[in-house]
Each structure stands twice: as structure tokens, then as C-alpha cells.
Amino acid sequence: MSFKIASSPHHHSQRSTQQLMQWVALAALPGIALQAVFFGYGVIVQLLLAISTAWLSEALVLWLRKKPVLPRLLDHSALVTAVLLAISIPPYAPWWLIVIGTAFAIIMVKQLYGGLGNNLFNPAMAAYVMLLISFPVQMTQWLPPVSLQQAALSPLDAFCMVFMQYSCSGFSLSQLQLGIDGTTLATPLDTLRQDLNNGLTVSESLQRPVFFAFAGTGWLWVNLAYLLGGMLLIKLKVISWRIPLALLAGLAVPALLFWLGSSGASPSPLFHLFSGATMLAAFFIATDPVSASTTDRGRLWYGALIGLLVYIIRSYGGYPDAFAFAVLLANMCVPLIDYYTRPRTYGHKAKRDVK
Amino acid sequence: MSQFKEISLQGLWKNNPGLVQLLGLCPLLAVTGTVTNALGLGLATLLVLLGSNIVVSLVRLHVPDEIRIPIFVLIIASFVTVVQLLMNAFTFGLYQSLGIFIPLIVTNCAIIGRAEAFASKNPLGPAALDALMMGLGFLLVLLTLGAMREVLGQGTLFDGADLLLGDWAKVLRIEVFHSDNHFLLAMLPPGAFLGMGLLIALKNVIDQRQARRQTIEKGSITRARVTGSVQ
């Protein structure tokens, strides 16, 4: 299925798909590095697993479809999908989780629709939702930041953990989830939601050790790193500023309204902007050129829709974070958004001027 | 004989209610979580289809054309009631696990479709055969989908077969691989849709291969070219 709506004049750029995808992957590096520092080396293991699975499944399908394997493989779109999925799932999730997820993303979501450029849904996020629905236990086992863990995991431990679910020294994942004082630590978003449900105010909840200043320990820095990477992508014109800006605004404006209304019962906009996957999703996930809206005005609507959905699901839903669902729901709206935001053809006047 | 072959081929492959007509998708997608459920519902549908086709074919000359659909529905509904009561009596566990989908066989378009399209226009013999083959075709699709989803979802085959076949059937249970984590997607409706799509794709691939092979064979026989081989 293709929706060929974008009209001339098109933007021209000397960059190939390969270069664009390379830049996306490179710009994610600082965030990935900080994620490894704050949440353990598991993310590196997941990345390796995801990238090899993605390449294998992409090559397999291309071979089955009798398409040239190497050029398509080297456009790095499979790589970016793999990277996005690997950094979205918990760092010490079992190895088969990321293998199933990546294979699903590449084979079912991307290649069965016709390969790069034809998929309706963001492959990484569709795979994330598939995993979250299929394996809810494994997909919500986030560890507290390294600084709050009882035992720090070495890179070797990370391998043991991912492949055998026990660290080389014999700790299980649930043991590592316990903080120094022996209580289970959840992610900041989960902790805050539980506390609010238990009748605590936001400021009381923010006293807990998983929080640092106004956001989660570690999460704040990871988000800042992705923000930096995203800024770089905008500066290089790899992505347009419209989707990230609209997304962040769509999330921050309702958060601000509710926060002004009752700052005890809803966290500040800053908390929302620097928690969970906000910056990663705003700059790296939602801006997927294939499944996002293609018109300028449409991109604003698309981003804002994701932001609003994220606010709603985070505040009233039961899932660890909301971006995967929000992005998929917005993907479904893209044909409609594109239809109603068609740009004025060059040389034609806008409708209201004609009358 | 050729009619027999044609009817069988139509029901089992060319015009399969599950894969080609895409009728009765609601039970097809909803209850194929395990092979046992699929077998139970497939057999129930087969029985209803057989009964309704036979009766519709017998009364076809006496039914006024204007009210034929309500009459067909009445006939189907009475057979569904019979099957439902039988299952309630003899396979109670399966009756509970299939739940609403047994009475919903009434609304299975595959059944009214066969009554309207075939049984109401053909004598008893072909009508019964058509019902049998269509029912078998539907049953086979259900079984394949059920097997796919059960293996992927919980790593077993024929889990709970004793609910349908009695206590001896516990030995049928095969553990293909052991898994502590059930692959919920395969067991939920989205998995059924994905599995169904893959099955239809597989059928199309087989059909295309066959069509291509036939044209090649024909081409090499009928055309005589000296300039080169024709693909």
C-alpha cells in the first residue's frame, strides 16, 4: 500500500538512505553509552543480539523475495530498527526476547509489507508492543540504576544475565531488583504511579531514592543525551524539527495544565519530559520517515497526537511507558492526517484565497 | 465420479471455506488457541453442516423461494441446538471452554452459504458430499491454525484432548518444547489473524507455483518455436 501524496517541489538532498540511517544510529550513541553507564552493560549485549538478528532476518527475507541482499542490507534501516528496539527493552531481558522481537519487526512488520518505505507501522515499536503483550513479566523487569543496586554487574555478568538469567556470581534478576534496603525498586514512572495511587503526593514520592531532582536517577541524564543527539540530527537536517517539537509540546501542555491544577496529584511537565523514553521517542522513534506523516502541517499534528496519547496513557494506563502504543496509534492516523494536510501545489492558490 | 472429485476438490482446496471464502472467521479466529478446541469446534461445525445440507436438500422442492432463508436458519439452528446439547452432555469440559462459540455456529456464514449456494439446488447425494468436504476443509484449516498457535503459544500439541475424547486421550498430549513463558501473542486474537494471513499466503504461493508449472507444461507442448525455449 502506498500513499503518494507528497507533491512537488520535493526537498532535494545529496544524502542517501544509508547516510541518513547512519546518522540516526550515530546520534543515538551518547544516549546508549549513558544507558550502559547508569543501567548496566546489558544494553550492549541486547544491541549485539538485535543487530545480528536484524541482519540475518533481513537477508533471509530479501533472499526469499529474490531481491538484491547486500545493497538493501547496507542501507542500515534494519540496523536502526534493531538499535531502537534493543534500547527500549529492559537491559537484562532474556536473549530470546530480543531475538523474537527483532525478527518480528523485520520480517512481519517491515518486509511482509514490502520492505523499507512500505511499512505502515514503525517496526521497532510494533515489535515492542508485541513483546509487551506476549511477555509482560520479562518486559517490565527494569533494574534500578547501577548506583542503587546491591551488586554491580560486570560486562561478563551482563552476558551471563542475558543468556542464563543469572549473573556469573549467581544473582537472579529479582535479587538484583532489590535496593540496598531490600525493597523492590521500580522505574520512576511506575514508582510515581504507585505512590499516587497509594495516596502520596508527588513531592513525597520524589523523595524516594529512584528519583534525582525532578526526574529519575539516571533517566534524566539518558534523556538529556538523547536530546543532544536529537538536536544534532535536526542541525544536520536528518530529521525535521516539527515532529519532536510538536510531540514534546503535546506532552508538556497537558502536563502543565494538570500540574497547575493540582501539583500534588500530577507531576511537573519537566518530570514527563525527562522520564522514561520521552527524548528517545521524540527524536528517534516518532521521526521514522516511513511511518510518520509526510507533510509539514501533518507532522505537527502527528507529533502532538503522540504527545497527548502518551500523557493520557502514562497518567491513566497501566503500562511502564506509553510511547509504543502512542506511536502505533498515531501511525494508524497517518493516512488520514496526510489526506487533510496536503500542501498547496506550487503555482496554485490556497482555497480561501480563491473565493 | 468426476463430480465427486470436483466437489471434494472444491471443499478441501479450491473453495475452502476458511482460506478462500473467508467465511466463519469469528469462530475460526477465536477458538483456535489449541488443537483440542479447534478439533471440537471443527467437528461440531462439520456435523451441523452435514445435517443442514441434507435436510435443506431434502426439503428444497417444498420451500417457497421467498422465505427460504428463515427456513434454512431454522434448520441450522435446530442442528446447532442438537450439537450443543450433545456436547453439554458428553464433553462438558470442552463445552465450557468453547462457550459462546457453539451457539454461534448458527451465524457461521459458511453453513448458510452452503445451504443457499449448493444444497438448495442439488439432490441429496451431492449435497451431503459437499457438506462433508466443506466441513472437512474448514476442520483442516482450524486444526492447522490450532496446531500453529498451540505450538508457538505454549509448546504443546493436543493439550486437554481428554476434554473431547475421554480420559485415554491424555496420552496424546505432546510437549514439543518446554517453556515457562507462554507466547501470549500466539494465543491472543492478533496471533490468530497473523497465523491466518500466513496460511492464506502459503496457499496462494502453492497455487501460483502450480499454475506456473501448468502453463510451462502446456506451453512446451502446444507451441513449436525454433527460435528458442519459451518460458
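Mentor: One term before we start: helices (H or I, at least four residues) and strands (E, at least two) are DSSP runs, numbered from the N terminus. Also, this is a predicted model.
Trainee: OK. With that, how much helix and strand is there in residues 183–202 of chain B?
Mentor: That span is 90% helix and 0% strand, and its end C-alpha atoms lie 23 Å apart.
Trainee: What does UniProt call that stretch?
Mentor: The unreviewed entry has it as a "transmembrane region".
Trainee: Switching to chain A. How many helices and strands?
Mentor: Chain A has 19 helices and two strands. Of its 355 residues, 48% count as buried. Among contacts in chain A with a separation of 6 or more, 75% are between residues 24 or more positions apart.
Trainee: Which domains does the assignment give for chain A?
Mentor: Domain 1 covers 15–177 and domain 2 covers 186–345. The C-alpha centres of the two domains of chain A lie 21 Å apart. Their contact takes 32 residues from domain 1 and 30 residues from domain 2.
Trainee: Which helices supply the domain 1 side?
Mentor: Helix 1 (17–27), helix 2 (29–39), helix 5 (77–88) and helix 7 (123–134) of chain A each supply at least two residues to it. By class, that side has 24 nonpolar, eight polar and no charged residues.
Trainee: How many residues does the contact between chain A and chain B take?
Mentor: Six from chain A and six from chain B. Helix 7 of chain A gives the most to the chain A side, with three residues. The chain A side has four nonpolar, two polar and no charged residues.
Trainee: Last topic, A:Thr187. What does UniProt annotate there?
Mentor: The unreviewed entry lists "modified residue: FMN phosphoryl threonine" at A:Thr187. A:Thr187 is in the loop between helix 10 (173–176) and helix 11 (188–197) of chain A.
Trainee: Is A:Thr187 buried or exposed?
Mentor: Buried, because 21 other C-beta atoms lie within 10 Å and the cut-off for buried is 20 or more.
Trainee: What is A:Thr187 in contact with, leaving aside neighbours within four places in sequence?
Mentor: A:Trp142, A:Gly216 and A:Pro320.

Definitions and conventions: Residues numbered from 1 in each chain as written. Chains lettered and ligands numbered in written order. Predicted model: local features only at pLDDT ≥ 70, side-chain atom pairs only at ≥ 80, totals over all residues. Domains from an automatic or database assignment. Contact = placed C-beta atoms within 7 Å. Nonpolar A, V, L, I, M, F, W, Y, C, P; charged D, E, K, R; others polar. UniProt positions renumbered as here; feature names shortened; annotations may be inferred. Buried ≥ 20, exposed ≤ 12 C-beta atoms within 10 Å, placed from the backbone.
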